[in-house]
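Colleague: I would like to go through this model with you. Could we take it one point at a time?

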Amino acid sequence: MDFFYALADPDNAFLRLSLAVGLLSSIAFGIIGTYVVTRRISYLAGAVSHCVLGGIGGALWLRAIFKIEWLDPVYGALLAALVAAFIVGRFGHNPGQREETMIGATWAIGMALGIIFIDLTPGYFDITSYLFGDILLVSSHDLKLIIALDLIIIIFVTSCYHQLLAVCFDEEFARLRGLNVELFYQLLLALTAVTVVLLIRVVGIVMVVAMLTLPAAAASLWTRRLSGMMLLAIFLSAISIVSGLGLSYNANLSSGPVIILFAGALYFLMAGWKKLYK
Amino acid sequence: MKRKPPIIKITNLDFSYREHPVLEAVDLEIPEGELGSIVGPNGGGKTTLLKLILGLLQPDRGIIEVFGEKPEKGRRKIGYMPQHVHLDPLFPVSVLNVVLMGQIGKLSGGLFGGYPRQALETARAALDEVGLSDCEKDSFHQLSGGQRQRVLIARALCTEPQLLLLDEPTANIDQRSEENLYETLVRLNRRMTILLVSHDLGFVSQIVKSVICVNRQVVIHPTSNINGTLIKEIYGGDFNLVRHDHRCDKDGHHSM
């Protein structure tokens with residue numbers, strides 16, 4: 001209960017901000033997560049998220065060496081994520097071409113580059129909050145970015161729902177019907193990349209894919225439509241984030257891992273329930 | 001009477017996969033109104049032939065014309081039913097929405113763009129054609145293998161095709177649904193050309209007008225001289241059902 005009193009405390013604006021970011025990020029997690037799970041691209045999303053560290057490191061290094069003050073690491077992160085999404089989307093998508101090897105290589109190289117860049121950057125830099133997330137550190141600027149992301153996702157998905165459904169369900173058939181499958185797939189990956197970048201604030205690079213997959217996978221146990229799966233995934237994701245934030249605040253634990261544990265527990269409980277009572 | 005131009009014309013085609021020849025020196029003409037079965041051993045090139053016709057693969061040599069155009073253009077007139085095994089069995093989607101994908105190319109998009117009433121009518125008519133009208137709200141993954149196959153046929157029909165291309169429509173279905181399927185195909189053949197890949201040559205021979213044997217080379221055999229009694233007599237000796245003694249001339253067979 002402490003958490004709810006703390007939320008009401010006028011001094012704790014940061015906590016209300018964290019809660020707002022958490023709830024709003026659930027929209028992106030739920031919708032994009034549904035595509036990641038049904039299109040089975042979680043491994044690909046993992047590669048994108050780990051490449052983000054390369055972008056962050058690169059931006060920090062450039063900023064320190066060339067004194068580019070305006071260069072926020074988030075720009076590097078966005079660029080790295082989009083490039084990684086393009087690479088794995090373009091080349092990691094050829095059955096029979098050992099796509100996992102390609103994706104795994106991108107994953108590792110992106111992350112390694114990030115750490116090397118951070119080594120090269122003068123001064124000490126703590127990457128823990130990027131790796132594991134810290135929702136208590138979010139700013140009102142983050143909130144605006146996430147609102148913008150949610151709006152873009154909602155507009156894209158509502159206007160192209162049927163096209164995305166066709167591309168995810170049966171890509172070959174969609175192509176035969178004259179749909180620009182590559183374009184839709186790349187747009188979906190780009191949106192996944194941007195989602196990953198903005199949401200590493202919440203759960204970090206290492207665990208962001210779990211937040212994309214666990215609520216959506218749990219939702220898929222109870223729903224029979226893509227749209228229903230999205231709505232339930234948003235709800236489950238919100239529950240995980242609010243409970244995780246509350247518990248981590250009360251028990252003084254890291255917020256990212258607690259959120260993930262809630263999402264993971266929800267998934268396994270539901271999967272177990274489904275298995276037992278079917 | 002002057003013959004209509006063939007809807008598929010393949011001239012002197014070679015296709016190899018990583019330097020392994022799959023199809024060699026293929027000449028094939030499919031006339032309008034054909035109901036043909038593509039048969040041959042696994043790995044003989046049946047699916048490759050379908051994918052070449054659909055423009056999903058490019059030949060090393062030779063020309064493919066589909067409705068007088070390149071496959072990439074002409075394929076818009078083809079309703080294709082793939083084998084359902086390559087689809088995610090857990091994908092959350094309704095039967096009606098799967099069938100509606102046949103109309104996806106005609107969807108204009110735009111904000112909250114849904115399917116127009118016309119598309120819904122086409123989709124429901126297609127479902128009715130395969131006898132699954134009562135299942136439109138069901139989930140695709142709840143259906144049996146045979147029902148899924150029929151949904152995919154409905155999806156192919158929903159493209160309003162002039163040529164129906166079916167990859168193994170008889171795989172994983174029981175005898176009764178197979179008979180229903182053939183009734184449906186004969187009925188559909190009155191208004192469109194149909195090519196199907198099948199293992200079940202004996203049964204297919206009752207309805208198809210010709211058999212296209214694919215085993216690196218492609219040979220068309222007419223089935224016009226085979227009747228039902230003969231099939232019962234020689235059932236089991238599948239390859240006795242087709243004339244292998246000679247190759248048909250390029251105008252195709254002269255059945256019916």
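Colleague: What is the radius of gyration of chain A?
Modeller: The model is predicted. Chain A has twelve helices and zero strands. Its globule rule value for 278 residues is 19 Å, and the computed value is close to that, so chain A is as compact as a globular protein of that length. The radius of gyration of chain A is 19 Å.

Colleague: Which residues of helix 1 of chain B are buried?
Modeller: Helix 1 covers residues 46-53, and six of its eight residues are buried, so it is largely enclosed by the rest of the structure. Just after this helix, B:Gly55 has a positive phi of about 75°. The buried residues are B:Lys46, B:Thr47, B:Leu49, B:Leu50, B:Leu52 and B:Ile53.

Colleague: Is B:Gln149 buried or exposed?
Modeller: B:Gln149 lies in helix 5 of chain B, residues 145-157. Leaving aside neighbours within four places in sequence, B:Gln149 is in contact with B:His84, B:Pro169 and B:Ile173. A residue needs 20 or more other C-beta atoms within 10 Å to be buried. B:Gln149 has 24 C-beta neighbours inside 10 Å, so it counts as buried.

Conventions
Residues are numbered from 1 along each chain as its sequence is written. Chains are lettered from A and ligands numbered from 1 in the order in which they are written. This is a predicted model: local features need pLDDT of at least 70, side-chain atom pairs count only at pLDDT 80 or more; totals for chains, interfaces and linings use all residues. A residue is buried if 20 or more other C-beta atoms lie within 10 Å of its own, exposed if 12 or fewer, and partly exposed in between; C-beta atoms are placed from the backbone. Helices (H or I, at least four residues) and strands (E, at least two) are DSSP runs, numbered from the N terminus. Two residues are in contact if their C-beta atoms, placed from the backbone, lie within 7 Å. The radius of gyration is taken over C-alpha atoms; the globule rule is 2.2 Å times the number of residues to the power 0.38.
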